[in-house]
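Here are my notes on this one, written as numbered points. Keep the 3D view open and follow along as you read.

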Amino acid sequence: MVQTIVWKDNQVVMIDQRKLPLQEKYVVCKGYRSVIRAIKGLVIRGAPAIGVAAAMGVAQGALKIRTTGMDHFKTRFDAICREMVAARPTAANLSWAVERMKQVADETGHRGVKGIRSRLIEEARKILDEDIAINRTIGRYGQGLLKDGSRVLTHCNAGALATGGYGTALGVVRAAAQAGKRIEIFADETRPFLQGARLTAWELKKSNIPVTVITDNSAGYFMQQGKVDAVIVGADRIAANGDVANKIGTYMVAVLARTHKIPFYVAAPLSTIDASIKSGQEIPIEQRDQKEVTHFQGKRTTPQGVSAQNPAFDVTPHRYVSAIITEKGILTPPLKAKIRRLFAS
Ligand code: MRU
């Protein structure tokens with residue numbers, strides 16, 4: 001399976017997702033600031049993968065704090081955590097992972113700076129391992145929703161590359177394939193960064209799962225032709241009422257799926273659910289550089305002087321969501337009550 005991110009000799013090594021599928025290169029981050037740059041620049045992307053990178057980044061930051069004094073260490077560590085959380089605003093997993101690391105630092109204070117550092121490294125690696133295990137569980141639960149012969153449409157990349165490994169939405173597809181079902185995927189190309197065309201297609205091909213890339217604007221055409229049996233996507237943040245923020249364009253796909261009576265499934269770990277916010281209206285939507293829209297591979301494709309807008313995510317209202325597949329099982333509407341129950345226990 002693809003190794004998205006690893007901790008190796010106190011360095012964070014990531015496959016460079018800007019370069020796939022044409023080049024398989026790795027970026028080696030030697031300090032937490034290079035991890036932040038990698039997250040901002042989409043070397044690594046996808047909510048759970050960003051969470052893992054952030055955890056490793058703050059562990060790396062802690063290693064470089066030159067002090068043995070606890071107060072100084074804590075002040076610097078908190079500043080590193082703040083910088084890390086600000087790298088990208090939408091994915092809940094980023095702040096979730098940093099919060100978990102901060103808690104570990106607080107609980108290990110009695111072991112001194114050296115003790116905290118080694119616990120932080122241990123925790124970051126644990127977050128990675130847990131993420132892969134969670135995705136396998138999501139896959140086991142979710143695969144029951146797919147029949148043999150299903151043609152499944154997905155948007156963006158919610159696969160091994162977007163997580164510690166295995167994937168959320170694509171984890172469900174993998175599990176169905178491993179259960180012996182014949183599954184075919186339609187991958188929306190996902191403008192402007194082409195996560196679908198480049199990344200989903202790359203990793204599914206590697207896993208021998210049949211995949212066809214389609215333009216984003218042809219999803220309705222294929223649904224109308226009766227060629228899509230289900231939609232499965234990942235999520236960047238899910239609000240307490242079940243509203244789902246995911247890659248820009250997901251909302252259009254969900255509305256189309258409803259019109260065509262096709263189930264719209266979201267696969268995500270609990271770390272993507274932000275139960276502290278009531279609805280999707282409170283989810284901050286990252287606005288990325290216009291150049292990602294006006295240029296392609298460094299070359300301008302729109303007229304000089306014309307501006308563009310580039311929201312990276314949109315929110316799909318919970319009424320379009322048929323089910324959320326988590327590591328604790330499948331949540332069906334009413335999502336708000338199910339999410340409340342999950343977080344109360
Ligand atoms: O901008 P990206 O590539 O980080 O956006 C990623 C997505 O929208 C994914 O669908 C989402 O994070 C789920 S990944 C398991």
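1. Start with L194, in the loop between strand 5 (184-188) and helix 7 (195-206). Its phi is near 60°, which is positive even though L194 isn't a glycine. Most residues other than glycine have a negative phi. Keep in mind that this is a predicted model.

2. Two cis peptide bonds are also worth a look. One joins L20 and P21, with omega about 5°, and P21 sits in the loop between strand 2 (11-15) and strand 3 (26-29). Another runs from P333 to P334, with omega near 5°; P334 belongs to the loop between strand 16 (329-331) and helix 11 (335-344). For background, most peptide bonds are trans.

3. Now the ligand. How many residues surround the ligand? There are 18, and the closest are R45, Q195, D236, N246 and K247. The shell splits into seven nonpolar, seven polar and four charged residues. Helix 2 (47-63) and strand 9 (244-247) each supply at least two of the shell residues.

4. Zoom in on the ligand's oxygen atoms. A polar side-chain atom of K247 is 2.7 Å from a ligand oxygen, and a side-chain N or O atom of R45 is 2.8 Å from a ligand oxygen. On its own the ligand exposes 420 Å², and the protein buries 100% of that.

5. Where does the ligand lie? Both domain 1 (5-136) and domain 2 (141-344) give residues to its shell, so the ligand lies between them. The space the ligand takes up is the largest cavity.

Terms used
Residues numbered from 1 in each chain as written. Predicted model: local features only at pLDDT ≥ 70, side-chain atom pairs only at ≥ 80, totals over all residues. Heavy atoms only, no water. Near = heavy atom within 4 Å. Polar contact = N/O pair within 3.5 Å; in protein donor to acceptor, adjacent residues only side chain to side chain. Areas by Shrake-Rupley, 256 points an atom, 1.4 Å probe, with all protein chains shown as cover. 1 Å grid on protein atoms, 1.4 Å probe; cavity = no way out; pocket = protein on both sides within 12 Å on 5 of 7 lines; lining within 4 Å. Sits in = over half its atoms within 2 Å of the grid points. Helix = DSSP H or I, 4+ residues; strand = E, 2+ residues; numbered from the N terminus. Nonpolar A, V, L, I, M, F, W, Y, C, P; charged D, E, K, R; others polar. Domains from an automatic or database assignment.
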